[in-house]
Amino acid sequence: MDGIQIVGGKPLHGTVRISGAKNAALPIMCATLLSDGESMLRNVPALRDIGTTADLLRTLGREVEDAPPEVRVGGGEVTPEAPYELVKRMRASVLVLGPLVARYGKAKVSLPGGCQIGTRPVDQHLKGLEILGAKIRIEKGYIISESGRLQGGEVVFDMPTVTGTENLMMAAALAQGRTTLVNCAREPEVVEVARVLNKMGARVSGAGTGVIQIVGADELAPFDHAIISDRIEAGTYMVAAAAAGGNVLIEAVPVDTLEAVIAKLRAAGVTMEPDGNGLRVVREGRLQSVDVTTSPHPGFPTDMQAQFLMLMCLAEGTSRISETIFENRFMHVPELGRMGADIEVQGHTAFVRQVDALEGTTVMATDLRASASLVIAGLVARGETIVRRVYHLDRGYEHIEEKLGALGADVARVSGLDA
Ligand code: EPZ
């Protein structure tokens, strides 16, 4: 099992380039199921989840050339069945459900099951597909769906769900007539999926707002699309520069999608200014405590909570970090505590008090963004930190040790650690 070994105490200097967005690439790879022919995705990050999605598309019968930054999805006779062995590796596999139901009238997709950060239900996905005419039942842990051609309708989500919105947009793109989705997720990745569906010949409007209208097509064309850059990777490097101190130019930052994160970092005392096509992040003085409550986009993203909480361990005063999206997303807290952080969790809120320093030690990654916060903690801790189970990190951060190393961090990947 691999780990990341970090010797802390070095400020970061230099330039880092942000890769393509994982949470846009995943649904867009699944959108290739809506048409025959060869689709091309560009600026795709080299991540485990991309490889898992490529394996899933191959299992379904499509020919896939997975060579980041390019992924080519060719033709192939599709058997619309997504097995548990693949779906359990990555919950986002549920994104094949909408395309398979819409295109093939039937699908057998394993229920994703929960993960470390929560139960992660998909009831909204299923409710929406039933409104469009799918007959759905659950059998032995599998979602079984059968339908004729889907018919447009109105779906009101109980809460904004990112993959739920994406699944229903993709299904509606081949439905007969008009579909209206209400109380949609407004994340930039949702907007990106809508952009691709329009390239394919659907008529999608309103993406990025709470109401999305889709006029379905009888047939959709393959596409060639370059993926937007990853706002969460960008935010993670912004926090790393803020925590370690220094002066870092982050290139290909989607600044207009990070307003909530930038506002909170500025309030904490971090200087961030546009510089060419990037953002220059400078932190020299003391950090100030700032309160954060996660919320759906354009609010402060839950995927940045663990990283920002770690930053607050060093900030003057006490900060209050509230997690409103997932029920179990403070698993980085006990690990940070082992490094000397002073954090008290009460329900969905963590109270983070300043400590003078963190001490390097061995810590355990538990989920993708928690592991990023532990790596950042290693950058600022005294001595050596080893973050174990770094496969979590490899799901969402492309070449993280190379990118941090290029900024002057003392970081290396170590192999052969216990599980
Ligand atoms: C997406 O997950 C992202 N994943 C997550 O990123 C991200 O944390 C999350 O959105 C929130 O922004 C991908 O895009 C692949 P949701 P998703 O449906 O779509 C509840 C990462 O780190 N809900 O928006 O699964 C749900 O329990 C990952 O890259 C239902 O109750 O999240 C949660 O409380 C982690 N029923 C809330 O809605 C449903 O049918 C938001 O979840 C669907 C969701």
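**Figure 1. Glu 192 and its salt bridge to Arg 195 in the predicted model****.** Glu 192 is buried, with a relative accessible area of 1%. Its side chain meets that of Arg 195 in a salt bridge, at 2.3 Å from N to O. Arg 195 is partly exposed, with a relative accessible area of 43%. Both residues belong to helix 7 (residues 188–200), where they are separated by about one helical turn because they lie three residues apart. An α-helix has 3.6 residues a turn, so residues three or four places apart point the same way.

**Figure 2. The contact between domain 1 and domain 2****.** The domain assignment places residues 3–19 and 229–414 in domain 1, and residues 22–226 in domain 2. The contact takes 25 residues from domain 1 and 21 residues from domain 2. About 1,800 Å² is buried between the two domains, 53% of it on carbon and sulfur atoms. Arg 231, His 297 and Arg 395 supply 31% of the area that domain 1 buries against domain 2, more than any other three residues. Two salt bridges are counted between the domains. The side chains of Glu 189 and Arg 231 meet in a salt bridge at 2.9 Å, N to O. Eight residue pairs are in polar contact across the interface. On the side of domain 1 that touches domain 2, helix 12 (368–380) and helix 13 (391–394) each supply at least two residues. By class, this side has seven nonpolar, eight polar and 10 charged residues.

Figure 3. Arg 42 forms a salt bridge with Glu 70, with the closest N and O atoms 3.0 Å apart. Arg 42 counts as partly exposed at 30% relative accessibility, and Glu 70 is partly exposed at 36%. In a second pair, the closest N and O atoms of Glu 251 and Arg 17 are 3.7 Å apart. Glu 251 counts as partly exposed, at 24% relative accessibility.

Figure 4. Six of the eight residues of helix 4 (residues 97–104) are buried: Leu 97, Gly 98, Pro 99, Leu 100, Val 101 and Ala 102. Just after helix 4, Gly 105 takes a positive phi of about 75°.

Note on methods: Residues numbered from 1 in each chain as written. Predicted model: local features only at pLDDT ≥ 70, side-chain atom pairs only at ≥ 80, totals over all residues. Heavy atoms only, no water. Buried < 20%, exposed > 50% of the residue type's maximum accessible area, 1.4 Å probe, protein only. Helix = DSSP H or I, 4+ residues; strand = E, 2+ residues; numbered from the N terminus. Domains from an automatic or database assignment. Contact = heavy atoms within 4.5 Å. Buried area = accessible area lost by both parts, 1.4 Å probe. Salt bridge = Lys/Arg side-chain N within 4 Å of Asp/Glu carboxyl O. Polar contact = N/O pair within 3.5 Å; in protein donor to acceptor, adjacent residues only side chain to side chain. Nonpolar A, V, L, I, M, F, W, Y, C, P; charged D, E, K, R; others polar.
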